[in-house]
Amino acid sequence: MNKIDCLGEICPVPVLKLRNVMDSIQKGEDYLMVTDHSCTIKNLESFCKANHLKYDSEEVMNGVWEITITSNR
């Protein structure tokens, strides 16, 4: 699984980092984004829906989320 580390990054940086790798994500391939910025969750969800990417988030510890992004295309 590929990892995108966004700890300490505020929006729109996480979305821009995902956009930079989006075209290289193969169907069924997972990317794991780690963030500690709560606004990232909603922004990434919207971005993933608009770009046909599967999105799943989990708060793994207080204030830290792991977001799994999978290509459906």
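Y55 touches I41, L44, E45, C48, I67 and T68, leaving aside residues up to four places away in sequence. The model is predicted. Y55 sits in strand β3.

**Y55**
- Y55 has a relative accessible area of 18%. Buried means under 20%, so Y55 counts as buried.
- A polar atom of the Y55 side chain lies 2.9 Å from the backbone oxygen of I41.
- Y55 and Y31 are 24 residues apart in sequence. In space, their C-alpha atoms are 9.8 Å apart.

**The largest nonpolar core**
- This core has 17 residues. L18, M33, L44, L53, I67 and I69 touch the most other members.
- The largest share, four residues, comes from α2.
- L44 touches P14, V15, L18, M33, Y55 and I67, again not counting residues up to four places away in sequence.

**Helix α1**
- P14, V15, L18 and M22 are buried in α1.
- These four cover an arc of only 95° around the axis, so they lie on the same side of α1.
- An α-helix has 3.6 residues a turn, so residues three or four places apart point the same way.
- What covers the buried residues of α1? The cover includes β1, β2, α2, β3 and β4.

Methods:
Residues numbered from 1 in each chain as written. Predicted model: local features only at pLDDT ≥ 70, side-chain atom pairs only at ≥ 80, totals over all residues. Heavy atoms only, no water. Core = buried A, V, L, I, M, F, W, Y, C linked by side-chain atoms within 4.5 Å. Buried < 20%, exposed > 50% of the residue type's maximum accessible area, 1.4 Å probe, protein only. Helix = DSSP H or I, 4+ residues; strand = E, 2+ residues; numbered from the N terminus. Contact = heavy atoms within 4.5 Å. Arc of directions from axis to C-beta. Polar contact = N/O pair within 3.5 Å; in protein donor to acceptor, adjacent residues only side chain to side chain.
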